[in-house]
Structure formats: C-alpha cells, structure tokens
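Reader: Before we begin, could you walk me through this model and tell me what the terms rest on?

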Amino acid sequence: MKAKIPFDKYFYYKKSVQSPIEDIKFFKKTFKHFFKKPAHIFREDFCGTFYVAYHWIKDHSKNKAIAIDADKEPIEYGNKHHLSKLKDSQKNRLKVLNKNVLDKNLPKAEIITVSNFSYFALKERSSMLKYFKNVRKALSKKGLFIIDVLGGPECEELSEEEAQHGGFSYYWDQDRFDPISRTGQFYIHFKRKGEKKREKEFSYSWRLWSLPELKDILTEAGFSKVHVYWEGSNKQGEGNGIFKQTKKGDICDTWIAYLVSLP
C-alpha cells in the first residue's frame, strides 16, 4: 500500500490562501510610485509562518526583513520549513520575533504590512489605535504601511464556500456574525482527495472593520495620507488581483482592498 502523506495544515494554507510573490510585486511597485526608489527593509506583522518575509529576503540580495507574531506554533513551522531553506547570508537578513504587535519599541522598516486581514483580531478601537500608533513610530520617514481589507454584504452571511485545488478542497466557513458588534467566527477546513474533511484547521474571531473606520483610526494615529487601492474584476465579476488607487469603490457582494498609509 502507498503510504499516506502526513497532513500539513500550513502547507495547504499556503497553497490556497497566500500569494507572496504577487503581494511583494504590489508592495514594491507602490513604494516606488511614492518615493521613486526601491524599498529594502520590510516588516511583516501577524506574520504566522513568515512566508511573505521569507520571499522578501529571496527577492533581492539587499533586502532585510522582520517578522513578528505572538503565536509560537507558526513561527516554529516557519523556522523549520522556510528559514531552513535560506542560505546563511540570507538568514542573517531575516529577524523573526515572537512578540505582540502591541509591544513597544518594535523594529523600524520602510514597508510594514499585514496580510490576510489578520489585524481583524483586534476588536476594540483602542487596541487598533495603539497598534497603528506603534506602526507609525516604527515606519521610516519615507515608508508605507500596507494592510488589506475585506468587506461586502456576503461577508456578513452565514455560509461555507468550497474552492478546489490540485488534490484537495479548501473551505471558507462564515459560522457566526453579530451585526451590532460586527464580530464573527470564521473557520478554514480542508479535504484531501479520498479522505474525510478536516474541520476547523484554522479559526478566526474577527471584527469586520469598515474602510471609513480604519481610515479614521489611521489618521488619528498620525498618518498624513491614507489611500485606497481597490481590486478590479474579471468578466465573471470575480476579483482579478489588480489593485488601483481610487476614491470610489464598486458595489460588490465581496470586495478586497488595500489601505496604503504614509507617515
């Protein structure tokens, strides 16, 4: 009999959710648009397995990265599966910190980012303001703070969507939502071909922050400019992965945008 491959939830998360190379292209292009020069010092907050920071290091020999997360488990995974794949010269340019993003005196960077809406875990306005102030202090004078935002009426509905990938299915489960607090419970499930569904491999308790709320808090935290980059649509009405700066969004059941903030 053929031996079963051990299940690795982070591997399937990377395959179904993350696109670090495309993310980095956007970060580089946007930074160069504002400052007419390349960025080399990058910080990934709520980094998980620091997959984006890992690719940032590989992108250029001058690049340095800081990765920060309070959860030890994904950091240990990243050390084993990502850091270990770098050359010694590359490892020296990556600093991984098991810390809370609300801690004081975190390392400075030219680009600070959060991917996959992880900062939605901060449900109180006071916590979000404290985090944004921390970022503002750590950002270079010529720097960008880039966060992605998820919204649209479908995000508030109780539903479970399946997306098929090579050899496995990914499920996004919107299990609970309270419109008064705008908080909800979300899960990721996986199912490999020929196996039972693996429930709740990832669990998220989030507040669905709106763009105006976040822009107001960013301004209060001291950012001078906050720009919205809206994702375009393909012929099927789905997101095409192309983000353009705009002051007016489209009416969509689900949308994704970036907020790009300058110090």
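Reader: What makes the strands here an open sheet, and in which order do they run?

Author: In this predicted model, local features need pLDDT of at least 70 and side-chain atom pairs count only at pLDDT 80 or more, while totals for chains, interfaces and linings use all residues. Residues are numbered from 1 along each chain as its sequence is written, and side-chain values use heavy atoms, with hydrogens and water left out. The open sheet is formed by 8 strands in the order 3-2-1-4-5-12-10-11, with mixed pairing; strands are DSSP runs of E with at least two residues, helices are runs of H or I with at least four, both numbered from the N terminus, and two strands pair if DSSP finds at least two bridges between them. Strand 3 (94-97) and strand 11 (239-246) are the edge strands, since each pairs on one side only.

Reader: How do you know that strand 10 and strand 12 pair?

Author: Strand 10 (residues 225-233) and strand 12 (residues 255-262) share 6 bridges in the antiparallel sense, and the definition asks for at least two, so they count as paired. Within strand 12, alanine 257 is the bridge partner of tryptophan 230.

Reader: Which strands does helix 7 lie across?

Author: Helix 7 (residues 211-220) lies across strand 5, strand 10 and strand 12, and runs at about 10° to strand 12; such angles run from 0 to 180 degrees between N-to-C directions, with axes fitted to C-alpha atoms, for helices over the stretch in contact, where contact means heavy atoms within 4.5 Å.

Reader: Why is a set of residues called a nonpolar core?

Author: The name applies because its members are buried Ala, Val, Leu, Ile, Met, Phe, Trp, Tyr and Cys residues joined through side-chain atoms within 4.5 Å. The largest nonpolar core has 53 residues, and Tyr119, Phe120, Tyr131, Phe132, Phe145, Phe223 and Leu259 touch the most other members. Helix 6 (residues 125-138) gives the most to this core, with 6 residues. A second, separate core of 27 residues includes Phe31, Phe50, Tyr229 and Val260.

Reader: Why is arginine 182 called partly exposed?

Author: Its relative accessibility is 24%, and because buried means under 20% relative accessible area and exposed over 50%, with partly exposed in between (1.4 Å probe, protein chains only), the middle class applies. Arginine 182 is placed in the loop between strand 7 (168-178) and strand 8 (183-192), and has a positive phi of about 60° although it is not a glycine.
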